[in-house]
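Colleague: I am new to reading protein models. Could you take me through this one, feature by feature?

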Amino acid sequence: MTQAEAAKQQQLERRRQQMWQKILAKVDERDGHCLSEPHEYTNTKSKIWVQCSQGHTFATNWYNLYTGGWCPSCGRNSIRMYTIVDLQNYARTQGGQCLSPKYTNINALYDWQCKRGHRFKAIWWGIYEVWCPYCIEAPDPRARDKFLDSLTQSGQAAHKRKSERAS
Ligand SMILES: [Zn+2]
Ligand SMILES: [Zn+2]
């Protein structure tokens, strides 16, 4: 392995550990418990086992957690409600548009258009991995992370409001 390759490897490993810490923080924020071991996490689609505060066990991944997905047994109430504006805002970070008129649910297919005018259907959290399937362009990672962080912040604010109400 060349020095450059070794450095790249190290950088990837650091990134992986950072992502793992983010997952733990996310699970903690929802009062859950992470059952997977750190080495089981390799990328944002890796299956992670989580136990919710009600004791249900479910498999999820980084994208699900980041887009507000949580325990399927606890049901819809625990899932952050998105609006079509969130989808439009995300599409704008990629220089494109969301063409669907309204938001229905997290697993529905939505219509999108990339900056080159390609139209495609994709689920909401699927577009974090591949933006336009015709351009085969990965999303701009900086714009994506910034957007996801803004979602996290509003999620945390909502969480805080909820716990304040509960106390
Ligand atoms: Zn649950
Ligand atoms: Zn395209």
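Colleague: Which residues are buried in H3?

Modeller: We call a residue buried if 20 or more other C-beta atoms lie within 10 Å of its own, exposed if 12 or fewer, and partly exposed in between, with C-beta atoms placed from the backbone. In H3 the buried ones are Asp86, Leu87, Tyr90 and Ala91. Their arc around the axis is only 135°, so they sit on the same side of H3; the arc is that of the directions from the helix axis to the C-beta atoms. The general idea is that an α-helix has 3.6 residues a turn, so residues three or four places apart point the same way. As for the labels, helices (H or I, at least four residues) and strands (E, at least two) are DSSP runs, numbered from the N terminus.

Colleague: Before we go on, what kind of model is this?

Modeller: This is a predicted model: local features need pLDDT of at least 70, side-chain atom pairs count only at pLDDT 80 or more, and totals for chains, interfaces and linings use all residues. Residues are numbered from 1 along each chain as its sequence is written, while chains are lettered from A and ligands numbered from 1 in the order in which they are written.

Colleague: How should I read pLDDT?

Modeller: pLDDT is the predictor's confidence in each residue, from 0 to 100. Here the chain averages 83, and 85% of the residues score at least 70. Among the elements, S4 has the highest mean pLDDT (96) and helix H4 (residues 141-166) the lowest (64). Where pLDDT is low, the predicted coordinates should not be read in detail.

Colleague: How many helices and strands does the chain have?

Modeller: The chain has 4 helices and 6 strands. Along the sequence they follow the pattern α-β-β-β-α-α-β-β-β-α.

Colleague: Let us go back to H3. What does leucine 87 touch?

Modeller: Two residues are in contact if their C-beta atoms, placed from the backbone, lie within 7 Å. Leucine 87 belongs to helix H3 (residues 84-93), and it counts as buried because 21 other C-beta atoms lie within 10 Å. Not counting residues up to four places away in sequence, leucine 87 touches Tyr82, Cys98, Tyr103, Tyr110 and Trp124. Take tyrosine 110: it is 23 residues from leucine 87 along the chain, and their C-alpha atoms are separated by 9.1 Å.

Colleague: Which residues make up the largest nonpolar core?

Modeller: A nonpolar core is a set of buried Ala, Val, Leu, Ile, Met, Phe, Trp, Tyr and Cys residues joined through C-beta atoms within 7 Å. The largest here has 12 residues in all, including Leu87, Tyr90, Ala91, Tyr110 and Trp112. H3 and S5 are the elements that give two or more residues to this core, and H3 gives the most, with 3 residues. Apart from this core lies another, of 9 residues, among them Tyr41, Ile48, Trp62 and Tyr66.

Colleague: Now the sheets. In which order do the strands stand?

Modeller: Strands of a sheet pair through backbone hydrogen bonds, either parallel or antiparallel. In our terms, two strands pair if DSSP finds at least two bridges between them. One open sheet of 3 strands has the order S4-S5-S6, with antiparallel pairing. Strand S4 (97-98) and strand S6 (119-123) are at its edges with a single partner strand each, so one side of each is left without a neighbour in the sheet. Strand S5 (residues 109-113) is joined to S6 by 5 bridges, and aspartate 111 stands opposite lysine 121 in S6.

Colleague: And what is the order in the sheet that holds S1?

Modeller: That open sheet of 3 strands runs S1-S2-S3, again with antiparallel pairing. Its edge strands are strand S1 (33-34) and strand S3 (57-60). Between strand S2 (residues 48-51) and S3 there are 4 bridges; isoleucine 48 has threonine 60 as its bridge partner, and glutamine 51 has threonine 57. The hairpin of S2 and S3 has 5 residues between the strands, and there glycine 55 takes a positive phi near 90°.

Colleague: Is aspartate 31 buried or exposed?

Modeller: Aspartate 31 is exposed, because 11 other C-beta atoms lie within 10 Å. It lies in the loop between helix H1 (3-29) and S1, and has a positive phi of about 60° although it is not a glycine.
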